[in-house]
Amino acid sequence: MTRFIVRRLIQSLLLLFTIMTLSFILTRVAPGGPEALYFENKNIGPAEIAAIRKARGLDEPMYVQYFKWLWATLQLDFGVAYSYARRPVVEVIWTKLGPTFQLGLMSYLIALVGVPLGVYAARHRGKLGDNVVRIFTVIGSAVPHFWLGLIIITILANTIKWFPQGQGDQGIGDWFIHIIIPALLLSTSAMVAFTRFVRSETIDTLGQDYVRTANAKGLPYNEVSRRHVLRNSLIPVVTLMGAFLPSILGGAALTESIFNWPGIGQLFVNSASARDYSILLALLIIGTTLTIIGTFLADIAYVWVDPRIRYN
Amino acid sequence: MSQVSERTAPPVGPTPLSDKRRKSLSKGFFASAFERFLRDRVSLISMIIFVIIALLAICAPLLEKVIGFTRDEQDLLNSYAPPGTAGHILGADELGRDILIRLLWGGQVSLSVGFLVALISGIIGTLLGLLAGYFGGWVDDVVNAAYQIVANVPTLFLLIILGLYFKPDVLSLSITFGLLSWAGNARQIRGATLSLRSRDYIDAALVMGANNSRIMGIHLLPNLVSTILVVAAFDVVGAMLGEAGLSYLGYGISVPIPSWGNMIADGNGHLTDAPWLAIFPGVMIFITVLCIFLLADGLRDAFDPRLKEKG
């Protein structure tokens with residue numbers, strides 16, 4: 001087990017390093033470079049651009065820039081955010097991380113509803129309940145979530161003259177009614193995946209010999225479904241949770257923009273229109289790091305909960 | 001998968017080397033899968049609806065005459081015309097452009113992006129998955145490294161950054177999108193290849209002296225077609241939804257070329273006073289994606305009837 005963890009850890013670090021390098025190259029080969037925004041401003045002459053390049057260290061050779069950047073990034077120094085009054089990027093992102101964590105965590109919690117839904121559908125296979133769940137999953141996979149969000153906002157605004165905007169600052173109840181709709185939308189794709197997955201997994205498990213044996217031994221129905229079926233069909237959900245981190249983060253960019261939720265998704269979209277490459281680069285790396293950590297933890301948990309899997 | 005049944009087994013003894021094969025009495029794998037597909041009512045209906053939508057989108061230039069407006073024709077006197085007024089069946093936008101004809105043109109864009117992305121990620125994913133599954137070893141490691149990179153970067157973030165570099169058109173957006181979304185294809189094809197390559201007929205081909213490219217191209221690839229098609233169909237779903245989201249944020253297909261995503265973005269500011277601007281393109285995405293999703297589901301069941309049995 002220890003060897004497996006060390007191996008996966010080294011792999012993850014290598015992966016992170018590669019993606020960091022690629023991201024750096026990506027933002028530096030941008031047409032016009034990181035100072036592209038200034039080219040569009042007719043009032044800024046070439047002399048001023050040269051001065052700006054010098055001040056930001058952009059006139060140095062690429063490899064010097066790269067190592068300086070790498071060293072700084074390892075110390076969590078992502079530079080200054082020019083679109084946020086030169087505040088340190090870390091500081092800007094730090095204030096936005098909390099809301100996104102709330103939204104993401106809430107979405108995961110809601111998505112876990114897919115687990116009982118999947119079990120329910122598997123137990124009532126082919127019957128009305130199963131079909132209802134199935135229609136729900138199909139619709140959930142086909143509807144553009146951001147559009148559904150817009151429609152919900154419109155309906156709420158037209159009927160009860162209220163719609164969720166931002167985080168809500170009047171206590172926990174206010175916070176809850178503000179987070180629930182964006183979190184619901186953000187969770188849809190993960191919930192659908194959980195439902196479909198758990199359903200087919202449970203159907204698989206129900207057909208296993210050991211379940212038949214347990215039933216034949218006369219164990220109570222609930223005992224069998226809890227100890228023999230559920231346990232074995234829930235294991236893969238752990239890995240799925242890790243796999244959905246990138247899509248939750250990407251989805252956050254849309255959901256947060258629509259509901260004006262002050263998280264990193266909205267920050268990303270705003271920084272893109274402000275062409276603040278230092279924030280974009282930092283967010284890309286932070287998003288990737290979170291995903292890698294998520295996948296890593298999911299892998300470990302997977303091996304840990306299921307002794308049948310060999311880790312090599 | 002194997003089409004050689006008892007009836008078609010070659011006679012014992014040296015087989016004459018000839019291209020003529022005895023005609024099989026059983027239906028082929030694809031013919032019977034297609035038959036199963038058509039027998040499923042949901043798949044059939046979604047295919048019909050999808051074909052109608054696709055045909056309407058393709059015929060958009062011809063339908064301009066029928067509808068009476070061209071794609072970018074402005075009718076400023078009737079801006080924000082509600083559906084059914086001033087000759088605009090589905091209403092008009094802020095410049096008085098007809099929503100219906102723009103929806104058809106937008107359908108061309110959205111469908112092209114969906115299918116091009118599926119094609120590109122399908123080709124890359126199939127190639128890499130096949131190589132990784134067949135050769136294993138260091139090839140597998142290299143493919144896995146590339147897979148990890150693509151799978152761990154938030155795609156939408158990356159596409160937004162790329163959208164800053166150039167104004168994407170249908171082709172360039174599809175290429176960048178496709179280059180970032182082959183991970184799922186590669187994993188599925190690799191898995192399918194792994195299970196196929198331990199079959200006896202691959203060993204037989206190896207023993208007969210077939211080289212690697214022949215085994216991959218002639219023996220493995222045809223048996224992977226069903227997997228490739230099903231994954232590609234789900235890719236279309238992902239790409240169409242992705243394009244819509246990206247265009248909504250303003251980093252996908254940009255105006256005046258209409259796509260269903262940027263039409264929703266156009267209607268964004270008028271949700272309460274002119275909701276039809278945003279509702280209709282969303283409904284189009286929903287119906288089209290729903291059909292393709294059901295098609296993909298039906299395709300998978302048709303290729304592997306055991307899945308259907310399972311549910």
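User: In chain B, what share of the contacts with a separation of 6 or more comes from residues 24 or more positions apart?

Analyst: This is a predicted model, where local features need pLDDT of at least 70, side-chain atom pairs count only at pLDDT 80 or more, and totals for chains, interfaces and linings use all residues. Residues are numbered from 1 along each chain as its sequence is written, while chains are lettered from A and ligands numbered from 1 in the order in which they are written. A contact here means two residues whose C-beta atoms, placed from the backbone, lie within 7 Å. For chain B contacts with a separation of 6 or more, the share from residues 24 or more positions apart is 67%.

User: And how many helices does chain B have?

Analyst: Helices are DSSP runs of H or I with at least four residues, strands are E runs of at least two, and both are numbered from the N terminus. The strand count for chain B is 0, and the pattern along its sequence is α-α-α-α-α-α-α-α-α-α-α-α-α. The number of helices is 13.

User: What percentage of chain A counts as buried?

Analyst: Chain A has 14 helices and 2 strands, and its C-alpha trace spans about 85 × 60 × 35 Å along the principal axes. Buried means 20 or more other C-beta atoms within 10 Å of a residue's own, exposed means 12 or fewer, and partly exposed is in between, with C-beta atoms placed from the backbone. Of the 312 residues in chain A, the buried part is 35%.

User: Which helix gives the largest share of the side of chain A that touches chain B?

Analyst: The contact draws 40 residues from chain A and 33 from chain B. Elements giving two or more residues on the chain A side include H1 (2–28), H9 (171–206), H12 (245–259) and H13 (264–273) of chain A. With 8 residues, the largest share belongs to H14(A).

User: How are H9(A) and H12(A) oriented, roughly parallel or roughly antiparallel?

Analyst: Their axes, which are lines fitted to C-alpha atoms over the stretch in contact, with angles from 0 to 180 degrees between N-to-C directions, come within 10 Å and cross at roughly 150°. Angles under 35 degrees count as roughly parallel, over 145 as roughly antiparallel, 65 to 115 as roughly perpendicular and the rest as oblique. That crossing therefore makes H9(A) and H12(A) roughly antiparallel.

User: What about H12(A) and H13(A), roughly parallel or roughly perpendicular?

Analyst: These axes come within 7 Å and cross at roughly 85°. Among the residues in the contact are A:Ala253 and A:Glu256 of H12(A), and A:Phe268 and A:Val269 of H13(A). The two helices are therefore roughly perpendicular.

User: Which residues have the most contacts inside the largest nonpolar core?

Analyst: A nonpolar core is a set of buried Ala, Val, Leu, Ile, Met, Phe, Trp, Tyr and Cys residues joined through C-beta atoms within 7 Å. The largest has 144 residues, and helix H10 (residues 212–249) of chain B supplies its largest share, 18 residues. Neighbours within four places aside, A:Phe268 is in contact with A:Ala253, A:Leu280, A:Leu283, B:Phe157 and B:Ile160. The residues with the most contacts inside the core are A:Phe268 and A:Leu283.

User: How many residues of H10(A) are buried?

Analyst: This helix covers residues 209–216 of chain A and lies largely in the open. Just after H10(A), A:Gly218 has a positive phi of about 90°.
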